[in-house]
Amino acid sequence: MKLHINDHFRISLSRQFYLKHFMIDSFVSCLKNEVSKTTVPQIVRLERIKMFSNDEKTRWFIGLVADKKAHDEIGITVESINRVMKAFGLLQYYEVFSTM
């Protein structure tokens, strides 16, 4: 197994999804509107490491779990994104988000 060092990080706030081309503008507009109502924490304290896999169990990821305060604040943003995903008939974020 070969490991790679990553010099940048990302936070997943939704499942992977695909949009038809004609839906992109309205999706982005709705998403901007919903997310603008939330705040994202400026400082996130990380408490532990957790392993995650994709739905097919073909890829694994090491995740850094945020402290409760940041987790709760990020959760509000995820709920906003979930509303947009649901409105467009897309899968919402993982059910386990609330228990990570």
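**Salt bridges, helices and a nonpolar patch**

Reader: Let's start with K69: does it count as buried or exposed?
Author: The relative accessible area of K69 is 58%. This is a predicted model, by the way. The label "exposed" needs over 50%, so K69 counts as exposed.

Reader: Which residue does K69 meet in a salt bridge?
Author: Look 4 residues away from K69 in helix α2, which means about one helical turn. The N to O distance in the bridge is 3.0 Å, and the partner is E73.

Reader: How many residues apart are E34 and R83?
Author: E34 and R83 form a salt bridge, with their closest N and O atoms 3.1 Å apart. That pair links distant parts of the chain, because E34 sits in helix α1 and R83 in helix α2. E34 is buried at 14%, while R83 is partly exposed at 46%.

Reader: Are α1 and α2 roughly parallel or roughly antiparallel to each other?
Author: Their axes come within 9 Å and cross at roughly 150°. Angles over 145 degrees count as roughly antiparallel. So α1 and α2 are roughly antiparallel.

Reader: Which elements give two or more residues to the nonpolar patch?
Author: The patch covers about 900 Å² of surface, and its residues include F9, V44, L46 and W60. V44 lies in the loop between α1 and β1, and is partly exposed at 32%. The elements giving two or more residues are β1 (46–53) and β2 (60–66).

Notes: Residues numbered from 1 in each chain as written. Predicted model: local features only at pLDDT ≥ 70, side-chain atom pairs only at ≥ 80, totals over all residues. Heavy atoms only, no water. Patch = residues over 30% accessible without salt bridge, like charges linked within 9 Å, V, L, I, M, F, W, Y side chains within 5 Å. Areas by Shrake-Rupley, 256 points an atom, 1.4 Å probe, with all protein chains shown as cover. Salt bridge = Lys/Arg side-chain N within 4 Å of Asp/Glu carboxyl O. Buried < 20%, exposed > 50% of the residue type's maximum accessible area, 1.4 Å probe, protein only. Axes fitted to C-alpha atoms, helices over the stretch in contact; angles between N-to-C directions. Parallel < 35°, antiparallel > 145°, perpendicular 65-115°, else oblique.
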